[in-house]
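Please open the structure in a viewer and keep the selection tool at hand.

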Amino acid sequence: LMNAAVAQDVKPAQIAQHCDSVSLCFSKGLGAPAGAVLAGCREFVAEAWRMRKLLGGGMRQVGVLAAAAHLGLQHAEVALRRDHDNARRFAEGTSGPLPPAGIHVLDSPLWSINLAAVETNIVMVDVQGAWPSPAELCDRLHAVSEEEVDEIGQAVSVLLLPWLAQTVHAVWHHNISARDTELARRKLEFVARKCQE
């Protein structure tokens with residue numbers, strides 16, 4: 001909800017007005033360690049409250065978590081725009097004095113990206129051909145080799161998720177910096193070259 005609102009430059013309420021219920025998680029993109037909120041009609045929230053208690057849910061003295069969630073909401077627009085920018089930078093390349101460095105610019109036969117679909121903090125990478133599979137690509141991005149450390153200058157372990165039969169799902173959140181994004185891009189370039197060899 002918050003990523004969509006920031007990407008469309010509208011208030012979250014403008015999107016949520018079309019929903020019967022809304023759930024919002026305060027972790028990851030908003031940077032809180034935990035917490036979520038559920039909104040809906042009075043009967044729906046009362047039933048959700050009852051089910052939560054029935055299943056043993058509930059916490060006490062959660063003011064510190066509420067404070068972190070409140071802080072995350074106050075800084076949501078800036079933080080989420082940064083995540084969106086990092087995802088875009090990863091996909092298409094950097095702007096400014098440096099040459100383009102995004103994975104789209106690398107023009108590898110192993111993957112393709114629909115740049116028009118990179119609207120928020122999510123990049124979907126379509127893996128081409130039978131090898132490497134999305135799962136194998138993710139495994140290689142996660143593993144670290146001495147050769148990679150020599151080339152990149154440090155160990156880089158990238159956690160991506162095989163999403164569909166031929167798709168890898170990459171998501172940016174509060175703890176991923178522009179530097180992390182560049183290192184992930186360099187790791188992907190290294191892995192692609194190794195796969196082609």
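This is a predicted model: local features need pLDDT of at least 70, side-chain atom pairs count only at pLDDT 80 or more; totals for chains, interfaces and linings use all residues.

**First stop: helix 5 and helix 9**

Select residues 76–92, which form helix 5, together with residues 178–196, which form helix 9. Two packed helices are described by the angle between their axes and the distance between the axes. Here the axes come within 10 Å and cross at roughly 25°. Angles under 35 degrees count as roughly parallel, and helix 5 and helix 9 are therefore roughly parallel to each other.

Which residues of helix 5 meet helix 9? They are Asn86, Arg89 and Phe90. Their partners in helix 9 are Ala178, Thr181, Ala184, Arg185 and Leu188. Sorted by class, the contact of helix 5 with helix 9 has 4 nonpolar, 2 polar and 2 charged residues.

**Second stop: His84**

Remain in helix 5 and select His84, which is found there. Is His84 buried or exposed? The relative accessible area of His84 is 9%, so this residue is buried, the cut-off for buried being under 20%. Next, show the surroundings of His84. Neighbours within four places in sequence aside, His84 is in contact with Asn3, Val6, Ala7, Glu119, Thr120 and Asn121.

The structure holds 1 aromatic pair. To find it, select Phe90 and Trp172, whose ring centres are 5.0 Å apart. The planes of the two rings stand at 55°, so the pair is tilted. Where do the two partners lie? Phe90 lies in helix 5, whereas Trp172 lies in the loop between strand 6 (167–171) and helix 9. The pair therefore ties together parts that are 82 residues apart in sequence. Phe90 counts as buried because its relative accessibility is 4%. Trp172 likewise counts as buried, at 5% relative accessibility.

On the side of helix 7, the contact is made by Leu137, Arg140 and Leu141. On the side of helix 9, Lys187, Leu188, Val191 and Cys195 take part. The residues of this contact divide into 5 nonpolar, no polar and 2 charged.

**Last stop: two loop residues**

Select Asp9, in the loop between helix 1 (2–8) and helix 2 (12–16). Its phi is near 55°, a positive value in a residue other than glycine. Asp9 counts as exposed because its relative accessibility is 59%, the cut-off for exposed being over 50%.

Finally, move to Gln61, in the loop between helix 3 (42–54) and helix 4 (63–74). Gln61 is not a glycine, yet has a positive phi of about 50°. At 75% relative accessibility, Gln61 counts as exposed.

Notes: Residues are numbered from 1 along each chain as its sequence is written. Side-chain values use heavy atoms; hydrogens and water are left out. Axes are lines fitted to C-alpha atoms, for helices over the stretch in contact, and angles run from 0 to 180 degrees between N-to-C directions. Helices (H or I, at least four residues) and strands (E, at least two) are DSSP runs, numbered from the N terminus. Angles under 35 degrees count as roughly parallel, over 145 as roughly antiparallel, 65 to 115 as roughly perpendicular and the rest as oblique. Contact means heavy atoms within 4.5 Å. Ala, Val, Leu, Ile, Met, Phe, Trp, Tyr, Cys and Pro count as nonpolar, Asp, Glu, Lys and Arg as charged, and the others, Gly among them, as polar. Buried means under 20% relative accessible area, exposed over 50%, partly exposed in between (1.4 Å probe, protein chains only). Rings of Phe, Tyr and Trp (its six-membered ring) pair if their centres lie within 6.5 Å; planes under 30 degrees apart count as stacked, over 60 as edge-to-face and the rest as tilted.
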